[in-house]
Structure formats: structure tokens, C-alpha cells
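Hello,

Here is the structure I promised to pass on to you. Have a look at it first, and then read my notes below.

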Amino acid sequence: MSGKPRVRLDAVEVRVLSEGRCRVRVALDVPVTGVVDAQAEGRDTDSGRLRATADATAQAVERATGGRIGLELLGVKALHTFDCILVVVSLSGHAGPQSERLVGSCIVPDEHPRGAALAVLNATNRLLSVTLELEL
């Protein structure tokens, strides 16, 4: 087990709004700074909730690092494979002048939004651990 700092998912809350919209709040438990959260809105569909959750998680990651990591959500998809649901995210991320493509995934039984948040954390964990180590 590594002694590197780890960001953990604290909560994912989905609120249904009017006119077919939803708002997702994601909270992350961050070493040193504590809980950091962010919100995003989207369509109140399975894919809309996934995208809003992934977007809110990416924003929370950016806040957790004080903007030292920048993320752009490129896509999120739930795939039915191997008798389970696999949520996959693709992001463009940068920590400094260079950007790179990040991909993360998470197997979930049925809670898609939580899987999208965990997939973003999976995609960004190396950037996060390096960035957070600098603070310790």
C-alpha cells in the first residue's frame, strides 16, 4: 500500500429539477483541505446524469488542487459488458503546460452517477497524487 495522498469520493447527490433537468453535487474528501464539492446541471436522463456527475467531479478535482490541474470532460458512457455496467470517462487534463488524454472506468451494479464520479477519480488519480504530494 502506497503512502501517497488519496482523494476519496464522499457523496454524490442528484436532484431532479423542472423541465427535464437535474443538478448533481459531488463532494470529495481531500487530504489536508477536507471536503471539496462542485455542482453541474444536465438533462434528467441516464446519460445526462452521468455527464453532469462526471463534470461536477472534474470541477471538484480542479478545486481540490487549487486550479493546478485543469480538466475538460470529453465524454462519458455506460457500457453493458461482462454481465455488469462499466462506466468509462475520457478527459483532457493538464498540470502545467502539457496536456494529456485521461481515461478512467468503474464497474457498477446499477448506480450510474456514483460510477461516473469514481471513473473520473480513476482517470485523474496519478495527476492528483503527484499534485497533492507537493502540498504535504
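Is Thr124 buried or exposed? With a relative accessibility of 0%, Thr124 counts as buried. By the rule used here, buried means under 20% relative accessible area, exposed means over 50%, and partly exposed is in between, using a 1.4 Å probe and protein chains only.

Before we go on, a word on the model: it is predicted, so local features need pLDDT of at least 70, side-chain atom pairs count only at pLDDT 80 or more, and totals for chains, interfaces and linings use all residues. Residues are numbered from 1 along each chain as its sequence is written, and side-chain values use heavy atoms, with hydrogens and water left out.

Now the overall layout. The chain has two helices and six strands, and along the sequence they follow the pattern β-β-β-α-β-β-β-α. The radius of gyration is 14 Å, close to the 14 Å that the globule rule gives for 136 residues, so the chain is as compact as a globular protein of that length. That radius is taken over C-alpha atoms, and the rule is 2.2 Å times the number of residues to the power 0.38. Helices (H or I, at least four residues) and strands (E, at least two) are DSSP runs, numbered from the N terminus. Of the 136 residues, 43% count as buried.

Back to Thr124, which sits in helix 2 (residues 112-133). Leaving aside residues up to four places away in sequence, Thr124 touches Val61, Leu71, Leu91 and Leu102; a contact means heavy atoms within 4.5 Å.

Leu91 also turns up in the largest nonpolar core, which has 37 residues; Leu28, Val87, Val89 and Leu91 are those with the most contacts inside it. Helix 2 is among the elements that give two or more residues to this core, and so are strand 5 (84-94) and helix 1 (46-64). Such a core is a set of buried Ala, Val, Leu, Ile, Met, Phe, Trp, Tyr and Cys residues joined through side-chain atoms within 4.5 Å. In soluble globular proteins, nonpolar side chains tend to be buried together.

Finally, find Leu9 in strand 1 (residues 8-16). Leu9 is buried, with a relative accessible area of 14%. Among the residues that Leu9 touches, not counting those up to four places away in sequence, are Leu28 and Leu121. The C-alpha atoms of Leu9 and Asp29 are separated by 6.1 Å, although these two residues are 20 apart along the chain.

Enjoy exploring!
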